[in-house]
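Please open the model in a viewer and keep the selection panel at hand.

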Amino acid sequence: MLLPITYNASLKDLNTFGVPSEAWALVSVERWLQVAHAVALAEDANRPLLILGEGSNLLFRGDYPGLVLRIHNQGCQIVDERDGQVKIRVAAGERWHAVVMWAASEGLWGIENLALIPGMMGAAPMQNIGAYGAELAQVLTQLNCYDRAQKRWRTLTGEACRFGYRTSRFREADAERFVITECVLTLTRDGEPNLSYPGVQAELELLRQRAGTGADASVTPLEVARAVSSLRRKKLPSPEVVGNAGSFFKNPIVTEAHCESLKTDHPELPTYPAEPGHKKLSAAWMIEACGWRGKRRGDAGVSERHSLVLVNHGEATGQQIWHLAQEVARSVHDTFGVNLEPEPQLL
Ligand code: FAD
Ligand code: EPU
C-alpha cells in the first residue's frame with residue numbers, strides 16, 4: 001500500500017505551542033486500515049513513531065527523529081440505543097469539541113462539561129481528558145486500536161484502559177504501544193446537569209438571562225456545553241491568540257498529612273478530593289503564589305490569564321519553554337516542597 005510521505009516535514013503549524021520542529025517523515029491517513037502500514041513503515045526504517053492529533057498536549061523540545069502519523073478517519077453516529085442508554089461510535093480523527101456539540105444537540109448527556117477541550121477523539125483517552133467535574137472515563141466504554149506489541153487489531157473495554165486523573169495505561173506501562181482508531185461512548189437521554197464546578201451555574205444563568213429562557217424551563221445538555229465553553233473562553237488563553245497547551249502541569253496529589261501541614265502554613269491553598277488518604281492541590285495557586293503569573297523569559301512565558309498555562313509569545317523554542325517550566329517547578333518545590341509533573345507529552 002502506497003502512503004503519501006513528506007520527509008523533513010515542519011511541525012510548527014501542527015502543535016498549539018507553535019514551536020519549530022522538523023520530523024524525519026510525516027504521513028497522514030484517512031482510513032484506519034492504513035494505520036498498520038504506517039506503523040510498519042516506521043518500524044522497518046528503525047525510527048520512533050509519534051501519533052499526532054492536533055498537537056495540543058505535547059511540547060517539541062527539538063526536531064523529531066521519527067515518523068509522525070496523523071489519523072484523519074471520520075465518523076460519529078449512534079450505534080445502539082436501549083433503556084435511555086445511547087452508544088455512539090466516534091472515529092479517532094473527529095475533533096473532540098465537534099463531537100461534544102453534536103451529542104449535546106442530539107439531547108445526549110455525558111460529555112457536555114468537556115466542551116471546548118481542543119484535540120481529536122483518538123487522543124482523548126491518552127490522559128483521560130477532564131474538566132468542570134467530568135472525565136472521559138465516565139463515558140468511554142470501549143475503544144478499537146492497533147496493538148504494536150502483538151501486531152494485531154484489538155478492542156479494549158473502558159476498564160482495561162486503567163484511567164486515572166490525567167492518566168491511563170496509554171501514558172504509563174503501555175506508552176507508545178496502542179494506536180487508537182475509534183471510541184465508543186455510552187451517553188444517556190435522561191441525564192442531569194452537573195453544575196457543581198465553581199462558576200458553571202452562574203455562567204449558565206447568565207446565558208439563560210441573555211437568551212430570555214424562563215427559569216422553569218429544564219436545562220439541556222447544549223446549554224451546559226455553551227456555558228462551559230463561555231467560561232473556558234473567559235479563563236484560558238486561546239492557542240489561536242497565543243501558543244499554549246492548556247495546563248502545563250498536573251495538579252499534584254499528596255498525602256492528607258502532607259496537605260494538612262501545607263494548609264497550616266498556607267491556609268488559602270485550594271485543595272480537592274483525590275483517592276483515599278490523599279488530596280489534590282491547586283498547582284495554579286502555588287505557581288501564582290511564587291510570583292510567576294505573567295512573567296516572561298524572552299518569548300516563553302507564564303500566561304497572565306492563568307498561571308498554570310505556559311505560553312509562546314511569538315518565537316520561543318520548545319527548549320526555552322521547557323527551561324521556563326523547570327524554573328517554575330523548582331521554585332514551587334523550594335517554596336512548598338511539592339513536585340510538579342508536566343501534563344503534555346515532552347518530545
Ligand atoms: P496531541 O497533542 O496531538 O497528542 C497528545 C498525546 O496523545 C500524544 O502522546 C500523542 O502521541 C497521543 N495520541 C494522539 N492521538 C492518538 C491516537 N489516535 N492513538 C494513540 N495515541 C494518540 N486537557 C484536558 O484534559 N482538560 C482540559 O480542560 C484541557 N484544556 C485545554 C485547553 C487548551 C487551551 C489546550 C491547548 C489544551 C487543553 N487540554 C486539556 C489538553 C489537550 O487538549 C488534550 O489532552 C487533548 O486530548 C489532546 O488532543 P490532541 O489531538 O491535540 O493530541
Ligand atoms: N488559580 C490561581 N491562579 C490562576 C488560576 C487559578 O490561583 O491564575 C487557582 C484559583 O484558586 C482557582 C483554582 O486555581 O480557583 C482552580 O483553577 P481552575 O478552575 O482554572 O482549574 P485548574 O485546577 O487550574 C483544572 C484542569 C484544567 C481544567 C480545569 C477545569 C488540570 C491540570 N487542569 O485546572 O484542564 O480545564 O481544571 O476543570 O487538572 C488541561 O488539562 O490542560 C486543562 C486546562
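The model is predicted, so local features need pLDDT of at least 70 and side-chain atom pairs count only at pLDDT 80 or more, whereas totals for chains, interfaces and linings use all residues. Residues are numbered from 1 along each chain as its sequence is written, chains are lettered from A and ligands numbered from 1 in the order in which they are written, and side-chain values use heavy atoms, with hydrogens and water left out.

**Stop 1: ligand 1**

Select ligand 1 together with its shell, where a residue is near a molecule if one of its heavy atoms lies within 4 Å of it. The shell holds 32 residues, and the closest are Ile51, Gly53, Ser56, Gly130 and Gln345. Polar contacts come next (pairs of N or O atoms within 3.5 Å; within protein, one must be able to donate a hydrogen and the other to accept it, and residues adjacent in sequence count only if both atoms are side-chain atoms). Display the side chain of Gln345: one of its N or O atoms is 2.3 Å from an oxygen atom of ligand 1. At Ile51, a backbone N or O atom lies 2.6 Å from an oxygen atom of ligand 1. Arg166 has a side-chain N or O atom 3.5 Å from a nitrogen atom of ligand 1.

Of the 990 Å² of accessible area that ligand 1 has on its own, the protein covers 93%. Accessible areas come from the Shrake-Rupley method with a 1.4 Å probe; for residues, only the protein chains shown count as cover. Colour strand E3 (49-52), strand E8 (130-131), E12 and E13, the elements that give two or more residues to the shell around ligand 1. Helices (H or I, at least four residues) and strands (E, at least two) are DSSP runs, numbered from the N terminus.

By class, the shell around ligand 1 has 18 nonpolar, eleven polar and three charged residues. Here Ala, Val, Leu, Ile, Met, Phe, Trp, Tyr, Cys and Pro count as nonpolar, Asp, Glu, Lys and Arg as charged, and the others, Gly among them, as polar.

**Stop 2: ligand 2**

Which residues are the closest to ligand 2? Select Tyr165, Tyr197, Glu288, His306 and Glu343, the closest of the 23 residues that surround ligand 2. The side chain of Tyr197 places an N or O atom 2.6 Å from an oxygen atom of ligand 2. For Tyr165, the distance from a polar side-chain atom to an oxygen atom of ligand 2 is 2.7 Å.

On its own, ligand 2 has 840 Å² of accessible area, of which the protein covers 82%. Helix H4 (221-235), strand E13 (243-247) and helix H6 (283-289) are the elements that give two or more residues to this shell. H6 supplies the largest share, three residues. The shell around ligand 2 consists of ten nonpolar, six polar and seven charged residues.

**Stop 3: salt bridges**

Side chains of opposite charge can pair when their charged atoms come close. A salt bridge is a side-chain nitrogen of Lys or Arg within 4 Å of a carboxyl oxygen of Asp or Glu, and the count by this rule comes to 17.

Select Glu223 and Arg208, whose side chains meet in a salt bridge (2.7 Å, N to O). This pair links distant parts of the chain, with Glu223 in helix H4 and Arg208 in helix H3 (residues 200-211), 15 residues apart. Both Glu223 and Arg208 are buried, meaning under 20% relative accessible area, while exposed means over 50% and partly exposed in between (1.4 Å probe, protein chains only). The relative accessible area of Arg208 is 10%.

Move to Arg177 and Asp147, which form a salt bridge at 2.8 Å, N to O. Arg177 lies in the loop between strand E11 (152-157) and strand E12 (178-188) and Asp147 in strand E10 (residues 140-147), so the pair ties together parts that are 30 residues apart in sequence. Asp147 is buried, with a relative accessible area of 0%.

Finally, select Asp80 and Arg82, a salt bridge with its closest N and O atoms 3.1 Å apart. Asp80 is partly exposed at 22% relative accessibility, whereas Arg82 is exposed at 54%.

**Stop 4: a surface patch**

Select Trp32, Leu33 and Trp153, which make a nonpolar surface patch of about 300 Å². Patches are made of residues with over 30% relative accessible area and no salt bridge: like charges are joined within 9 Å, nonpolar side chains (Val, Leu, Ile, Met, Phe, Trp, Tyr) within 5 Å. Trp32 is located in the loop between strand E2 (22-29) and helix H1 (35-44). Its relative accessibility is 40%, so Trp32 counts as partly exposed.
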